[in-house]
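Take a short tour of this model. Have the sequence and the 3D view side by side as you read.

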Amino acid sequence: MVERPLTLMAVHAHPDDEATGTGGVLARYAAEGIRTVLVTCTDGACGDGPGGVKPGEPGHDPAAVAAMRRQELQESCDVLKVSHLEMLDYGDSGMMGWAANDAPGSFWRTPVEEGAARLAELLHRYRPDVVVTYDENGFYGHPDHIQANRITMAALELSGMTPKVYWTTAPRSMMQRFGEAMREFGADWEEPDPVEEAEVMPEIGLPDEEITTWVDITEFGSQKFDALAAHASQGENIFFLRMGKERFTELMGVETFVRVRDTTDAAVPETDLFAGLR
Ligand SMILES: [Zn+2]
């Protein structure tokens, strides 16, 4: 038998999602000698352009945005010491309801089987012990995040060999602190009306007791911050960067997951994605 390194694979939708959602675990497990593979499904062309130009505004050049974000992604991977970056290069589908949803080559209109077949090839190549992606709602309803969940779950079904699979999540107890920080650091944040919210928005995050996995990444907060700083062209990241490293690490120092597949029987709640595997 060939000795394989323990391997973590994170499947994300856009350049920068790796930093916000899993920057801490990517950095932490790389530091522990675990091989880390990042799969980024889209080119991020619906993101902000240089100088903060928004998609649809004059001067927003999707190809230039994709090229810029490709560089930012590489820089983020360097900071997080990601071992392998794999890009599927589907077109960014934009937010739900945008015309980009149905543009040729968009990730959202790509048949799930097609994306899953490509991802299954990567599963065969790297044989990850742990795979991390979004929940079925893509955490907050973005079509590319939903599609990343769909192709990942379908690819795992095809390959059938990953012992532990996780969806990223946030504890409800943290959402409140998050809202406070949003106000303090001047982001465009309006307190969501709980009633209205429940009607139009799927619920974000999970009650604390439903979270299976809490990984302390405090020691890697600085790397996570720097990875996000590599994506400073994207307006929504500026709010985090305004906090400074210390407050950022306080707020973002634990990454949480829900374990959706497991063959190890490691007891939950657990504090390590690789519990039961080493
Ligand atoms: Zn995203």
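How much space lies in the second largest pocket? About 150 Å³. This is a predicted model, in which local features need pLDDT of at least 70 and side-chain atom pairs count only at pLDDT 80 or more, while totals for chains, interfaces and linings use all residues. Residues are numbered from 1 along each chain as its sequence is written, and side-chain values use heavy atoms, with hydrogens and water left out.

Stay with that pocket. A pocket is an open set of points on a 1 Å grid over the protein atoms alone, with protein on both sides within 12 Å along at least five of seven lines; a 1.4 Å probe fits at the points, and lining residues have an atom within 4 Å of a point. Grid points are joined across faces, edges and corners, and the volume is the space filled by probe spheres set on the points. The lining of the second largest pocket has 13 residues. D135, E136, W167, G205 and L206 lie nearest its centre. Strands β5 (164–169) and β7 each supply at least two lining residues. The largest share, 3 residues, comes from β5. Strands here are DSSP runs of E with at least two residues, helices are runs of H or I with at least four, and both are numbered from the N terminus. By class, the lining has 6 nonpolar, 4 polar and 3 charged residues. Ala, Val, Leu, Ile, Met, Phe, Trp, Tyr, Cys and Pro count as nonpolar, Asp, Glu, Lys and Arg as charged, and the others, Gly among them, as polar.

Now turn to the zinc ion. H14 (ND1), D17 (OD), D17 (OD) and H145 (NE2) coordinate the zinc ion at 2.1 to 2.5 Å. Donors are N, O and S atoms within 2.8 Å of the metal (3.2 Å for Na, K and Ca); water is not among the atoms, so sites may look incomplete. The donor residues follow the spacing H-x2-D-x127-H in sequence. Angles between the 4 donor atoms run from 54 to 139°, so the arrangement is irregular. H14 and D17 are both buried, where buried means under 20% relative accessible area, exposed over 50%, and partly exposed in between (1.4 Å probe, protein chains only).

A13 sits in the loop between β1 (7–12) and α1 (17–31). A13 is buried, with a relative accessible area of 0%.

Next comes helix α10 (residues 244–252). Its buried residues are F248, T249, L251 and M252. Seen down the axis of α10, these fall within an arc of 165°, so they line one face of the helix. The arc is that of the directions from the helix axis to the C-beta atoms. E246 and E250 are exposed on the other side of α10.

Finally, look at the backbone. Most residues other than glycine have a negative phi, and most peptide bonds are trans. D89, in strand β3 (residues 84–90), has a positive phi near 60°. D89 counts as exposed, at 53% relative accessibility. R127 has a positive phi near 45°. R127 lies in the loop between α3 (112–126) and β4 (130–133) and is partly exposed, at 40%. A cis peptide bond joins V268 and P269, with omega about -5°. P269 is found in the segment after β7 (254–262).

Key: Tetrahedral: all angles 85-135°; square planar, octahedral: opposite > 155°, others 65-115°.
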